[in-house]
Amino acid sequence: MVLNTAPKNGFRITLLVAAFAFLAAAIMSRPPKSFNNFDQLSYLTIAYDIDRYGVFSNGIFDQTDSNRTAPAAGMFFVPGYPMLVLAAMKLDSRFAKAVACSVEANPDNNESAKCETYATPIHIVHALLLAFGVLAIAQSGALIFRSTRVFWLAGALATGSLLAEGDLCSFIMTESMTISLYSIFMLFTVLAWKTSRIRYFALAGIFLGLLCLTRPSFVVVIPVMLALIVLNGRWYVHKNPTSLWTHLLVFVTACFVVVGPWIVRNYVSVGKWGLTEEYGSAVLIERFAYNDMTAWEIMLAFPYCTPGIGDIAFDQVYGKDSMHRFVYHTRDSFFHVGRGRRDTLVKEYGHLDPLIAGIVLDETRTNWWRHLLVSIPLGWCGMWVGWLWSLLLVPLFGWACVRAAQRSQPLLLFYAAPAVVMLCLHAVVANEHTRYNLVLIGPFSVGAAWIISETLRNARWRSRSLAPGP
């Protein structure tokens, strides 16, 4: 039986505890960060509005000053992460006071407000989520390759990659929750593929639904998963078509059971069907700014984004060299140009969704070839998750994919496919930042662990065969 090859519970607990200890230490050792940095205040404001008014709002993008009046219901963001922040506020009054202080100071741009940057409960939750993500990655590797050695290696490699991303995970943003939900979703997917049991298809659908309620872009994975279920069924199961249709139906139904109530809520409260409004349009408008990249910038993007090389050869902190437009805080950065255009359109028209079809049509009519060309270096930049760890994991993962294809063992390729699809999607519609592609850590770690395990096994076999006899 396939599942009997999985590591024992004691091994799982040991890995979970060790990963949590290392990741908690890495996250909590980072300097305190102002809640106004990056996207943190967006989630904090929504949690604050729910706590104070019982309204899921658009956060900082709402025109209402929620210090004085209740905001309107919104759907710019999905509810997964704001609800996690709200739960932490309910459990820790000190954190709730820190959130309230930052949110209430924001409308007046009162940066001098003495707000405590206390985020310990969120940091602990992030470390716990990441630890479960590590366990899910390691378990997936063990199931795919039926190896306890791969379990430990994949767990160690995933932990190392996440430690390198410790600073990012110390922000009150969605990355830790995304990695955890994605890794657990893929674990249940592997279990479903290997056993054909209905409950695993249902659990995979549930966790993908939760993932879509954390990062709406992952709805793209739903049709990808349907195709992979069909391919896996054709490859491994060889059962009647009824079984395959049952797997597809259970998966889709479970996913919709999770996502459906939020879609209905949006129609009832906001008057629109869908997961979100404006979010996709805003991101795409910002992405179009990158189409202004010069040929020189396109070429330099490859060494610039390669870990180690880019840090030495370019000024990635202050942006005082030829790649200054890649540094988000420089005045003429791609980020500021795209965000400026977005803000101008919002100020002039109020909403982006009614405009986005025309904007996309105009851009693709004149710049479709440039958009696709620019997506190549953006994809290159986005894949180096885990910083220096990726210099080891990326080539080993590529080697593992080639070997899996040669041996007609496609399960690793199936496991990696959704994360690779998301990498391509983000290159086309988002930007170059690795934070959007951290889910690659799972397939990178599993593939690299397999290659290392095979190398160690072969080396051990050779050493035994060369050893002199008695």
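Visitor: What radius of gyration does the protein chain have?
Guide: This is a predicted model, in which local features need pLDDT of at least 70 and side-chain atom pairs count only at pLDDT 80 or more, while totals for chains, interfaces and linings use all residues. Residues are numbered from 1 along each chain as its sequence is written, and side-chain values use heavy atoms, with hydrogens and water left out. For a chain of 470 residues, a compact globule would have a radius of gyration near 23 Å (taken over C-alpha atoms; the rule is 2.2 Å times the number of residues to the power 0.38). The protein chain agrees with that expectation, since its own value is 23 Å.

Visitor: What box do the C-alpha atoms fill, and how many helices does the chain have?
Guide: Along the principal axes, the C-alpha atoms fill a box of roughly 85 × 50 × 50 Å. Secondary structure is read from DSSP runs (helices are H or I, at least four residues; strands are E, at least two; numbered from the N terminus). The protein chain has zero strands, and its helices come to 19.

Visitor: What percentage of contacts join residues at least 24 apart?
Guide: Contact means heavy atoms within 4.5 Å. Among contacts between residues at least 6 apart in sequence, those joining residues at least 24 apart make up 74%.

Visitor: Is glutamate 363 buried or exposed?
Guide: Glutamate 363 is found in helix α16, which covers residues 353-382. Its relative accessible area is 13%, and the limits are under 20% for buried, over 50% for exposed and in between for partly exposed (1.4 Å probe, protein chains only). Glutamate 363 is therefore buried.

Visitor: What is the phi of glutamate 278?
Guide: Glutamate 278 lies in the loop between α11 (241-269) and α12 (279-288). It is buried, because its relative accessible area is 9%. Although glutamate 278 is not a glycine, its phi is positive, at about 75°.

Visitor: Where is tryptophan 387 found, and what is its relative accessible area?
Guide: Tryptophan 387 is a residue other than glycine with a positive phi, near 50°. It is found in the loop between α16 and α17 (389-406). Tryptophan 387 is partly exposed, because its relative accessible area is 42%.
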